[in-house]
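Here's a quick briefing to read with the model open beside you.

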Amino acid sequence: SPSLRGIWRSGRPGRRAFLSRALLPAAAALLAGCLRSAPTGCNVVLVTIDTLRADHLSCYGYTRPTSPFIDSLASKGTLFRRASSTSPWTPPALASIFTSLHPRSHGVNRGYVDAAGGKVLGQEQLAPGLAVIAEHLARNGYDTFGISSNLHMTAATGFSRGFLRFSGLGVGRAAAVNRVFRELLPEIGGGRPYFLWIHYFDPHDPYFACRPWIANYNPAKASWSRYAGKTMPKLLGMIDEIKSDPGALSALRDLYDSEINYTDDHLRALVEALPGLDRTVLIVTSDHGEEFLERGGLGHGSSLFEEQVRVPLIIVPPGAPPAVGEVAGAVSVVDIFPTICAAAGVAPPAGLQGRSLLPLMDGAPPEGDRAILAELNRAGPDRRQASLRRGDWKFVRGAGEADGCALYDLVRDPEEKRNLAREEASRAARMEGELEEWRKAHPAFAAPPSGGPLGERETKQLRSLGYLN
């Protein structure tokens with residue numbers, strides 16, 4: 001396979017070669033409908049880790065050694081310091097990763113289940129007309145494999161589109177994901193380049209005590225055993241007790257951190273077994289973060305504060321490390337799809353809202369203060385939220401404040417404790433106007449409902465996780 005070094009070296013002959021290669025797929029597609037082989041021949045592995053806060057990874061400055069293997073990946077690739085999800089919970093966030101569209105544009109915003117009828121109500125599916133990563137790469141010569149360990153990403157909800165082999169594990173732990181991966185190994189890397197998507201459910205609640213790491217963080221079992229293995233609805237039912245117990249918050253974090261170690265360890269085993277690793281682009285990210293009483297609550301899916309929408313993003317190219325080891329500028333998960341296309345030398349489909357991150361990895365300066373958007377549309381219109389970040393400032397509409405909006409200086413106030421919407425009224429008005437202009441320019445898309453019946457096992461799992469009405 002040809003080297004990818006030219007792709008990561010913008011402004012030099014490699015970039016011109018990349019641009020030439022990127023134009024070929026479009027021309028060939030017009031003639032043949034699809035390509036027989038991918039232009040660069042590189043493999044692409046996308047790993048999404050559910051509910052993983054960036055600031056609980058060692059490579060993002062966390063004081064605990066929660067992520068030794070992910071740290072090693074960061075040392076070989078590019079770490080994006082300010083990566084944001086498009087939404088604080090799984091269906092819209094993963095749909096954005098798959099489509100490079102914001103929730104307003106792909107229409108996957110809700111996901112509730114009628115326990116009595118055993119049917120999904122309101123969980124939209126990825127519409128057949130939308131371009132998705134796996135399908136696009138399959139049309140351009142890739143073998144495609146997907147393993148999902150979250151009930152929201154299934155064939156019924158459209159997330160299996162484009163995969164040659166797709167395994168939906170319901171709610172499965174990392175060990176189960178790796179078992180399925182090992183079963184697929186004889187088919188992966190069998191001559192054609194491959195795209196592999198892995199979704200690890202850990203460290204989503206319930207937070208389990210993962211050994212040996214829990215003993216390193218808190219050897220006193222009595223302090224965390226009361227909270228271990230409890231689903232979020234049960235933890236929220238104990239919220240007053242948790243707030244009054246001086247050791248409860250640290251115990252929850254101990255459990256959560258041990259699950260990060262558990263996932264990190266299984267990710268190491270998976271990556272070490274990947275075929276053709278020297279020709280593989282590896283991307284590690286998350287769908288959303290997790291709140292630990294920053295706003296008085298727990299979990300996710302309730303706000304657009306940084307603890308719920310900031311995610312890790314690490315991209316490791318094949319061969320030598322990229323020119324830039326860290327990128328400080330703000331980026332979004334909608335950038336993953338176009339980045340994969342650029343790395344593979346495949347022309348991206350029309351209409352993507354993200355942009356390739358390869359120029360930033362090669363040292364190109366960011367194109368000004370880019371607008372980064374996020375949305376929360378799962379509730380009624382009066383409870384929906386939208387945010388726009390530009391540079392160090394973040395505007396949130398529907399933020400629970402008395403006037404319905406908030407403005408934060410993320411440099412001076414990274415914890416978003418001080419609403420400056422009144423002090424900086426002109427800035428707030430300007431950013432609100434920009435947000436509204438963007439919304440008008442992107443009408444809400446009505447995605448079709450999935451609505452398929454659930455089996456007894458899936459219904460039980462969703463109920464235990466608090467996803468049922």
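Rings of Phe, Tyr and Trp (its six-membered ring) are paired here if their centres lie within 6.5 Å, with planes under 30 degrees apart called stacked, over 60 edge-to-face and the rest tilted. By that rule there are 11 aromatic pairs. Bear in mind that this is a predicted model, where local features need pLDDT of at least 70, side-chain atom pairs count only at pLDDT 80 or more, and totals for chains, interfaces and linings use all residues. Residues are numbered from 1 along each chain as its sequence is written, and side-chain values use heavy atoms, with hydrogens and water left out.

**The overall picture**

- The protein has 16 helices and 17 strands; these are DSSP runs numbered from the N terminus, with helices being H or I of at least four residues and strands E of at least two.
- Of its 469 residues, 57% count as buried, where buried means under 20% relative accessible area, exposed over 50% and partly exposed in between (1.4 Å probe, protein chains only).
- The accessible surface of the protein is about 18300 Å², and carbon and sulfur atoms account for 54% of that; areas come from the Shrake-Rupley method with a 1.4 Å probe, and for residues only the protein chains shown count as cover.
- Taking contacts (heavy atoms within 4.5 Å) between residues at least 6 apart in sequence, 71% join residues at least 24 apart.

**Rings around Trp197**

- Phe98 and Trp197 make an edge-to-face pair, because their ring centres are 4.8 Å apart and their planes sit at 80°.
- That pair links distant parts of the chain, with Phe98 in helix 3 (residues 90-99) and Trp197 in strand 7, 99 residues apart.
- Phe98 counts as buried at 4% relative accessibility, and Trp197 counts as buried at 0%.
- Trp197 also pairs with Phe163: the centres are 6.1 Å apart and the planes at 25°, so this pair is stacked.
- Phe163 comes from the loop between strand 5 and strand 6 while Trp197 is in strand 7, so the pair ties together parts 34 residues apart in sequence.
- Phe163 is buried too, with a relative accessible area of 10%.
- Zoom out and ring pairs link Phe98, Phe159, Phe163, Phe166, Phe195 and Trp197 into a cluster.

**Helix 6 and its cover**

- Helix 6 (residues 174-184) has Ala174, Ala176, Val177, Asn178, Val180, Phe181 and Leu184 as its buried residues.
- The cover over those residues includes strand 5 (143-148), strand 6 (165-168), strand 7 (194-200) and helix 11 (248-272).

**The largest pocket**

- On a 1 Å grid over the protein atoms alone, a pocket is an open set of points with protein on both sides within 12 Å along at least five of seven lines, a cavity is a set where a 1.4 Å probe fits but cannot get out, and lining residues have an atom within 4 Å of a point.
- The largest pocket holds about 460 Å³ of space; grid points are joined across faces, edges and corners, and a volume is the space filled by probe spheres set on the points.
- Its lining has 18 residues, and Asp55, Glu306, Arg310, Pro414 and Glu415 lie nearest the centre.
- Strand 2 (78-84) and helix 12 (306-309) are the elements that give two or more residues to that lining.
- By class, the pocket lining has 5 nonpolar, no polar and 13 charged residues; Ala, Val, Leu, Ile, Met, Phe, Trp, Tyr, Cys and Pro count as nonpolar, Asp, Glu, Lys and Arg as charged, and the others, Gly among them, as polar.
- Glu307 is in helix 12 and counts as buried at 8% relative accessibility.
- Beyond its neighbours within four places in sequence, Glu307 has contacts that include Arg53, Glu290, Arg295 and Glu416.

**The cavity**

- There is 1 cavity of 30 Å³ or more, and the largest cavity has a volume of about 60 Å³.
- Residues lining the largest cavity include Ser84, Leu304, Glu306, Ile372, Ser387 and Lys394.
- Helix 12, strand 14 (371-376) and strand 15 (385-390) each give two or more residues to this lining, and strand 14 gives the most, with 3 residues.
- The cavity lining divides into 5 nonpolar, 3 polar and 3 charged residues.
- Ser387 belongs to strand 15 and counts as buried at 4% relative accessibility.
- Leaving aside neighbours within four places in sequence, the contacts of Ser387 include Leu304, Ile372, Lys394 and Leu435.
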